[in-house]
Amino acid sequence: TRPGVPARFVSARVAPLGSRLVLALVEDRTRERRVEEVRRDFVANVSHELKTPVGAIRLLADAMEDAADDPDAVKRFAARMLTESDRLGKLVQQIIQLSRLQADDPLDEPIAVDLDEVIATAVDTSAMAAEDRRIHVLVGGVPGVQVYGNEKQVLAAVSNLVSNAVSYSEPDSTVVVTTRVDEGSVDISVVDQGIGIPAEELDRIFERFYRVDPARHRSTGGTGLGLSIVKHVAATHGGEVRVWSAEGQGSTFTLTLPQHYGTDSTPDDDLSL
Ligand code: ADP
């Protein structure tokens, strides 16, 4: 293969060299255009998504001013302002997270990432939200496993999965985070007993800003960016993310990443036990 020519054109059947090059150039231009379109769509979506909570906060502040002598109304408006500003904060944080992820190559300086620590931190981040609705988050699986990659990115991915599991769970239910090692790769599964996802939506939930029935889910304060972050991290680490879900029963998201054979997890260590 020659550098710069996409493999599928290199293997094109009978095209002479000249036309292959032209095809490759056309393909490059098309790809560039697509990248530019995706970027423009993203900026348009970001502006739209940011305008919604900003507009709502403005309206609520106006309403609060008008209701100055009705303390109950002021309290109600203040509570809604708080929800909207939390949403705005989460949105800004996830937009920054996504653009940082896209800017740096995760495997520039890959290191052994300790999954026990990552999972503990991810669970901690969602602890308050879980407690509020009496959701038990249990951690199981193989201890001492390490994956190969960028710690911040792996943490971002696992945190988003745990936070979703908690957000879309019913009160008094359980979320389980488990790890499984299989021939050089590690599965991190996050299982919930929540509202589930309709089968026809499963293909779309990994798209940026896509949310299943935003009206029904407004109370969760989601942004529609979490799963696109997970998908991005999986792809750049040479892994994948899969989902199983049934409406009303729950969902299981499994993130697969390459295993790092650290001192804690080599087969030799296992044998010496
Ligand atoms: P959000 O910030 O809205 O949660 P995500 O990109 O993380 O955005 O998820 C996209 C959509 O997929 C969510 O809005 C929700 O409808 C659905 N979803 C994600 N995780 C779950 C889950 N564990 N249970 C049910 N629905 C989920």
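User: In which loop is D172 found?

Analyst: In this predicted model, D172 is found in the loop between α6 and β4 (174-182).

User: Why is D172 called exposed?

Analyst: The relative accessible area of D172 is 52%. Exposed means over 50%, so D172, at 52%, is exposed.

User: What is stated about the phi of D172?

Analyst: The phi of D172 is near 65°, which is a positive value in a residue other than glycine.

User: Why is R134 called partly exposed?

Analyst: R134 has a relative accessible area of 46%. Buried means under 20% and exposed means over 50%, with partly exposed in between; the value of 46% therefore makes R134 partly exposed.

User: Where does R134 lie, and what is its phi?

Analyst: R134 lies in the loop between α5 (127-132) and β2 (136-141). Its phi is near 50°, a positive value in a residue other than glycine.

User: What makes Y148 partly exposed?

Analyst: Y148, which is found in strand β3 (residues 146-149), has a relative accessible area of 37%.

User: Which residues is Y148 in contact with, leaving aside its neighbours within four places in sequence?

Analyst: Y148 is in contact with P110, I111, H237, P258, Q259 and H260. As for P258, this residue and Y148 are 110 residues apart in sequence, and their C-alpha atoms are 5.7 Å apart in space.

User: How do you know that the buried residues of α4 line one face of the helix?

Analyst: In helix α4 (residues 115-125), the buried residues are L115, V118, I119, A122 and V123. Seen down the axis of α4, they fall within an arc of 130°, so they line one face of the helix. The face turned away from this buried side carries the exposed residues D124 and T125. At the start of α4, a side-chain oxygen of D114 comes to within 3.1 Å of the backbone nitrogen of D116. A polar contact is a pair of N or O atoms within 3.5 Å, and the D114–D116 pair falls inside that limit.

User: What makes helix α8 mostly covered?

Analyst: Of the 11 residues in α8 (residues 226-236), 8 are buried. They are G226, L227, S228, I229, V230, H232, V233 and A234. The elements that cover them include α3 (71-103), α6 (151-167), β6 (240-246) and β7 (250-260). The helix is followed by G238, whose phi is positive, near 70°.

User: How many residues surround the ligand, and which are the closest?

Analyst: The ligand is surrounded by 19 residues, and the closest are N164, Y168, D192, R211 and T223. By class, the shell has 9 nonpolar, 8 polar and 2 charged residues. At least two residues of the shell come from each of α6, α8 and β7.

Notes. Residues numbered from 1 in each chain as written. Predicted model: local features only at pLDDT ≥ 70, side-chain atom pairs only at ≥ 80, totals over all residues. Heavy atoms only, no water. Buried < 20%, exposed > 50% of the residue type's maximum accessible area, 1.4 Å probe, protein only. Helix = DSSP H or I, 4+ residues; strand = E, 2+ residues; numbered from the N terminus. Contact = heavy atoms within 4.5 Å. Near = heavy atom within 4 Å. Nonpolar A, V, L, I, M, F, W, Y, C, P; charged D, E, K, R; others polar. Arc of directions from axis to C-beta. Polar contact = N/O pair within 3.5 Å; in protein donor to acceptor, adjacent residues only side chain to side chain.
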